[in-house]
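Please read this briefing beside the sequence and the structure shown here.

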Amino acid sequence: MTDTTATPSATSGGQTYEPGTHPDLPSPVRTEGPIFWIQKNLLSSPLNVVLTVLGGLLIFFTIPPFLDWAIFDAAFTGESRKDCEAVASGACWAFIDERLHLFVYGFYPVDERWRVNLSFLLLAIALYFVLYDGAPYRKYGLWYAVAFPFIAGWLLVGDGAIVKSVTTDQFGGIMLTLVIGVTGIAFSLPLGILLALGRYSNLPAVKLLCVCFIEAIRGVPLITLLFVASTMLNYFLPPGTQFDLVLRVLIMVTLFSSAYIAEVIRGGLQAIPKGQFEAGDSLGLKYWSSMRLVVLPQALKISIPGIVNTFIGLFKDTTLVIVIGLLDPLGIGRASLADIKWGGLAEEMYVFIAIFFFICCFSMSRYSLYLEKKLHTGHKR
Amino acid sequence: MAEQAVASPGFSPLRLWNDKEARSIIIQILTMALLVAFLAYIVTNAIANLEAIGKTFSYDFLSEPASYDINQTLIPYTSRSTHLEAAIVGLLNTLLVAVCGIILATILGFILGVLRLSSNWLVNKMAYCFIEFTRNVPVLLHILLLHGIIVTSLPTPKQAGTESSDIFFFTNRGVFAPSPQLEPAFWAVAIAFVAAIVFAIGFNKYAHKVQDETGKHLPVFWVSIGAIVGLPLIVYFIAGMPLHWETPALKGFNFKGGMVLRPEFVALWLALSYYTASFIAEIVRAGIVSVSYGQSEAAFALGLRPNRTLSLIVVPQALRVIVPPLASQYMNLTKNSSLAIAIGYMDLVATIGGISLMQTGKEMETMIIVLLTYLVLSLSISAAMNWYNQRIKLVER
């Protein structure tokens with residue numbers, strides 16, 4: 001006891017050392033570098049070791065064979081399935097390559113395909129103005145974006161005078177997907193806002209009407225609504241009216257999507273404190289001004305992730321039109337499976353279409369995440 | 001009084017419009033009038049159209065023979081059965097795939113959601129990739145792809161039957177499995193099972209009472225499991241094992257005997273399940289993340305062990321966040337099961353809304369049945385989930 005107090009030396013493990021004789025301490029635990037990362041993220045506990053091994057095995061047994069099939073053993077050129085099988089054992093992408101124009105344009109007349117290309121370009125410009133808020137002259141750009149569906153509609157269908165008219169049964173492929181998707185998105189948002197305001201309003205009759213509409217639409221599958229459009233909608237129109245099938249589908253898809261949008265926006269409206277509505281009233285604003293200037297900007301901001309999710313759902317649901325005989329990429333692909341020359345290359349076709357949808361939908365969801373972060377201005381309760 | 005004085009200069013419509021009460025009534029009357037006019041318009045159109053092609057609106061066809069076959073039936077059905085029976089068979093097939101899908105999707109979704117929260121980087125990222133790849137591709141594509149794989153890459157019954165002597169056969173005509181054949185004495189086992197469940201419920205109540213009075217914690221879970229599994233098992237052996245399995249055997253070009261899961265059902269079921277599971281996974285993840293870590297720390301501070309922390313503190317709070325969106329996913333799965341028609345699974349849409357419609361030409365009548373049935377299904381799912389949500393919601397003062 002006296003020893004230790006007399007010579008203040010380091011103690012460790014109950015042992016005493018004379019100054020200068022203390023052995024080196026172990027080096028500090030590594031907290032960076034690849035080895036530490038692997039220890040922390042892959043091997044931190046027995047369960048994690050097991051999971052890592054299982055995951056590694058799963059990757060090992062799925063990814064290399066898939067890459068072999070899709071890239072290394074795949075044939076990219078050839079005239080028929082036989083050509084592909086002669087050179088490679090994997091996928092036959094020559095099939096997609098030869099039919100790419102069908103996948104993109106459907107049966108749109110070859111001479112008129114520039115109109116589809118032009119409307120793709122116009123769509124890209126409209127998207128640029130809508131999605132990128134740093135765009136120059138954005139105010140005018142947004143007006144252009146509002147007009148775009150009508151411009152593109154005129155361009156694609158034609159009027160017989162300036163551009164030749166094309167019947168909608170020649171629409172198909174990615175172009176049809178975009179026509180349905182963009183129209184649905186463009187028209188269901190305003191309709192959905194109106195329905196949400198109606199459901200949130202103080203007028204019982206209006207409220208009841210909107211509730212019934214929204215719940216009835218949300219309660220049935222889109223596919224049955226498409227059947228209604230294709231089989232029985234004509235009964236409700238004045239006798240003798242011939243109503244274009246694609247137009248009927250567009251109307252149904254828009255109505256369907258607007259019910260979902262309305263529910264999303266209602267969620268946003270409910271999150272707005274009552275004081276905001278009262279603030280609008282106390283400023284002397286009329287109903288529509290108060291909604292437009294005070295309530296909706298906040299409600300829409302909260303609802304953005306939900307709205308984009310609905311749009312993603314709508315875009316994916318455009319594939320359902322194949323059940324009533326329209327030829328979207330999936331329909332084109334299924335029809336081309338019957339081709340004797342290529343003989344049922346189903347996997348290639350499905351993978352190709354899956355990649356197309358994945359790119360579109362994944363970028364939409366990424367954009368919604370970005371927007372959510374950007375609009376998060378710190379008023380979250 | 002002052003208002004009266006101002007209001008005196010005569011009646012004018014504009015003044016009425018500026019009165020809030022009057023205006024709201026006017027708007028509502030106008031809305032209703034428009035609605036009634038619209039309905040009258042489409043109904044007269046429909047009547048005129050039906051008359052023009054000589055059709056009548058009636059449901060008599062429901063009692064006529066359907067005269068088409070259905071490849072998967074849960075109740076006895078022949079081609080001589082009526083359209084109504086065909087519709088019921090279709091509805092049962094819809095319900096079958098919806099219930100199976102909801103169960104599998106929930107299990108898969110919870111597993112994926114937990115994996116997504118795993119501290120293991122590899123597993124976490126794999127779950128992320130799976131979820132993103134699955135949910136960003138249309139469900140119809142998943143269904144068609146899976147159906148295509150089953151039909152083209154699995155062996156024919158003949159190949160499968162000669163290759164192995166298994167009891168399970170995976171063929172392009174479906175998955176064949178042994179089917180249980182119940183003997184009369186099996187009812188004793190069934191009674192034992194019911195008795196065990198009743199006992200488990202009673203024991204659970206008793207355990208709660210004991211805990212309230214003495215603070216002692218009885219092993220409810222293990223006792224219940226023991227009773228529910230053990231009791232029927234004991235009775236089963238006492239009764240002389242009144243159950244045997246009928247294995248499928250190759251007869252001609254296809255298997256006979258046993259149970260068969262048709263490729264359409266398997267494709268639809270699996271595709272709907274993993275597609276919906278990828279949405280449920282994100283919901284589960286969000287729910288678990290929403291319970292702040294302070295809650296777990298508080299539980300540890302009270303001396304609760306980790307598994308009881310999970311079951312008593314974290315899960316009940318997470319469920320409140322999880323259940324409402326989960327309900328809408330269940331509804332989506334049920335509605336998506338109508339995509340069955342694309343691969344020839346005979347559900348409600350494919351029977352009454354498909355073949356019956358084509359045969360009878362009763363577009364309006366059949367579509368109304370289909371729409372109303374789905375509406376009732378959706379409303380009942382949402383009612384059930386609302387009831388459950390009400391039960392688990394936070395009890396506030």
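**Helix packing within chain B**

In this predicted model, the axes of α6(B) and helix α10 (residues 263-290) of chain B come within 8 Å and cross at roughly 140°, where axes are lines fitted to C-alpha atoms, for helices over the stretch in contact, and angles run from 0 to 180 degrees between N-to-C directions. Helices (H or I, at least four residues) and strands (E, at least two) are DSSP runs numbered from the N terminus. Local features need pLDDT of at least 70 and side-chain atom pairs count only at pLDDT 80 or more, whereas totals for chains, interfaces and linings use all residues. Residues are numbered from 1 along each chain as its sequence is written, while chains are lettered from A and ligands numbered from 1 in the order in which they are written.

- α6(B) and α10(B) are therefore oblique to each other, given that angles under 35 degrees count as roughly parallel, over 145 as roughly antiparallel, 65 to 115 as roughly perpendicular and the rest as oblique.
- The crossing of α6(B) and α10(B) is right-handed (a crossing is left-handed if the near helix is turned anticlockwise from the far one by less than a right angle, and right-handed if clockwise).
- Among the residues that make the contact are B:His142, B:Leu146 and B:Ile150 of α6(B), and B:Glu264, B:Leu268 and B:Tyr275 of α10(B); two residues are in contact if their C-beta atoms, placed from the backbone, lie within 7 Å.
- By class, the contact of α6(B) with α10(B) has 13 nonpolar, two polar and one charged residues, where Ala, Val, Leu, Ile, Met, Phe, Trp, Tyr, Cys and Pro count as nonpolar, Asp, Glu, Lys and Arg as charged, and the others, Gly among them, as polar.

**Helix packing within chain A**

- Helix α8 (residues 173-199) and helix α13 (residues 287-317) of chain A pack at an angle of about 140°, with their axes 11 Å apart, and α8(A) and α13(A) are therefore oblique to each other.
- α8(A) passes α13(A) in a right-handed crossing.
- On the α8(A) side, A:Gly181, A:Gly184, A:Ile185 and A:Leu197 meet A:Met291, A:Phe311, A:Leu314 and A:Phe315 of α13(A), and this contact has six nonpolar, two polar and no charged residues.

**Where the chains meet**

- The contact between the chains takes 49 residues from chain B and 40 residues from chain A.
- Of the side of chain B that touches chain A, the largest share, 13 residues, comes from α3(B), and the residues of that side divide into 31 nonpolar, 15 polar and three charged.
- Helix α10 (residues 222-232) of chain A and α13(B) pack at an angle of about 15°, with their axes 12 Å apart, and α10(A) and α13(B) are therefore roughly parallel to each other.
- The crossing of α10(A) and α13(B) is left-handed, and the residues that make the contact include A:Phe227 of α10(A) and B:Leu357 of α13(B).

**Sheet and domains**

- Three strands of chain B form an open sheet in the order β1-β2-β7, with antiparallel pairing (two strands pair if DSSP finds at least two bridges between them).
- β1 (169-171) and β7 (259-261) of chain B stand at the edges, each with a single partner strand, so one side of each is left without a neighbour in the sheet.
- Chain B is divided into domain 1 (16-54) and domain 2 (83-139 + 262-392), with bounds that come from an automatic or database domain assignment, and the C-alpha centres of these two domains lie 39 Å apart.
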